[in-house]
Amino acid sequence: MLSPRFRIAYGGIPGMGVRFGVSHQAQPPAASVLYHGINSDLAFTFTVDGFGRDVEVPRSWVMELGVRRTLGSHLLFDVAGYLKTRDDELGYRFQAYNDPTTDRIINLLVLSNLDTASVKGIDASVAVRAGSLLDGRIG
């Protein structure tokens with residue numbers, strides 16, 4: 001699976017740097033999520049227990065724009081804004097299936113790809129350096 005990333009930074013202004021990044025990332029789920037209920041059978045399992053099945057691997061697009069500014073030799077400010085769009089998020093939902101033994105429709109809780117979700121945010125931090133022995137960071 002290809003996960004391209006592109007980052008660029010500009011530090012032409014003394015004491016200040018600007019960065020931009022874009023990436024497309026695959027987020028493989030944990031094995032416990034994929035194999036949950038793998039040995040389940042409707043003969044001895046409730047229909048509200050989760051059943052695993054083949055699903056698409058969740059992916060996300062991440063865009064970030066940040067600025068880092070130093071004030072003197074002891075103080076550093078860093079602010080970044082980001083947008084993360086998650087496609088094909090995994091979750092359990094009820095789906096209708098035809099029961100071949102009774103020729104009825106039954107609703108099973110199965111692992112499925114859900115809709116797209118977006119997350120926006122701002123990260124900010126302040127770092128203080130006082131000599132070579134003391135470092136502090138907030139954020």
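**Entry 1: ground rules**

I am working on a predicted model, in which local features need pLDDT of at least 70 and side-chain atom pairs count only at pLDDT 80 or more, while totals for chains, interfaces and linings use all residues. Residues are numbered from 1 along each chain as its sequence is written, and side-chain values use heavy atoms, with hydrogens and water left out.

**Entry 2: the sheet**

I traced an open sheet of 6 strands in the order β1-β2-β3-β4-β7-β8, with antiparallel pairing. Its edge strands are β1 and β8, each of which pairs on one side only. From one strand to the next the twist averages 15°. For such angles, axes are lines fitted to C-alpha atoms (for helices over the stretch in contact), and the angles run from 0 to 180 degrees between N-to-C directions.

I take strands as DSSP runs of E with at least two residues, and helices as runs of H or I with at least four, numbered from the N terminus. Two strands pair if DSSP finds at least two bridges between them. I noted that β2 and β3 run antiparallel and are joined by 11 bridges.

**Entry 3: the β7–β8 end**

I then went to strand β7 (residues 117–130), which is joined to β8 by 5 bridges, the two running antiparallel. Ala130 has Leu134 in β8 as its bridge partner. The hairpin of β7 and β8 has 3 residues between the strands, and there Gly131 takes a positive phi near 80°.

Is β8 largely buried or in the open? Of the 5 residues of strand β8 (residues 134–138), the number buried is 0, so the strand lies largely in the open. Buried means under 20% relative accessible area, exposed means over 50%, and partly exposed is in between (1.4 Å probe, protein chains only).

I also checked Ser125, which has its place in strand β7. Ser125 is buried, with a relative accessible area of 11%. Its side chain and that of Arg137 are joined by a polar contact of 3.0 Å. A polar contact is a pair of N or O atoms within 3.5 Å; within protein, one must be able to donate a hydrogen and the other to accept it, and residues adjacent in sequence count only if both atoms are side-chain atoms.

**Entry 4: salt bridges**

I counted a salt bridge when a side-chain nitrogen of Lys or Arg is within 4 Å of a carboxyl oxygen of Asp or Glu. The count by this rule comes to 5 salt bridges.

Glu64 and Arg19 form one of them, with the closest N and O atoms 3.5 Å apart. Glu64 lies in strand β3 (residues 59–71) and Arg19 in strand β2 (residues 16–26), so the pair ties together parts that are 45 residues apart in sequence. Glu64 counts as partly exposed at 23% relative accessibility, and Arg19 counts as buried at 18%.

Arg19 also meets Asp78 in a salt bridge (3.1 Å, N to O). Since Arg19 lies in strand β2 and Asp78 in strand β4 (residues 75–87), this pair ties together parts that are 59 residues apart in sequence. Both Arg19 and Asp78 are buried.

I found another salt bridge between Glu89 and Arg86, with the closest N and O atoms 3.0 Å apart. Glu89 counts as partly exposed at 25% relative accessibility, and Arg86 counts as partly exposed at 27%. Salt bridges that share partners join Arg19, Glu64, Arg68 and Asp78 into one network.

**Entry 5: the nonpolar patch**

Which residues make the nonpolar surface patch? I listed Phe6, Ile8, Phe20, Met63 and Leu65, for about 470 Å². Patches are made of residues with over 30% relative accessible area and no salt bridge; like charges are joined within 9 Å, and nonpolar side chains (Val, Leu, Ile, Met, Phe, Trp, Tyr) within 5 Å. Accessible areas come from the Shrake-Rupley method with a 1.4 Å probe, and for residues only the protein chains shown count as cover.

β1 (5–10) and β3 each supply at least two residues of this patch. Met63, in strand β3, is partly exposed, with a relative accessible area of 37%.

**Entry 6: β5 and β6**

Asp103 lies in the loop between β5 (90–99) and β6 (104–113). Its phi is near 55°, a positive value in a residue other than glycine. Asp103 counts as exposed, at 63% relative accessibility.

In strand β6 I looked up Ile106, which counts as buried at 15% relative accessibility. The C-alpha atoms of Ile106 and Thr47 are separated by 8.1 Å, although the two residues are 59 residues apart along the chain.
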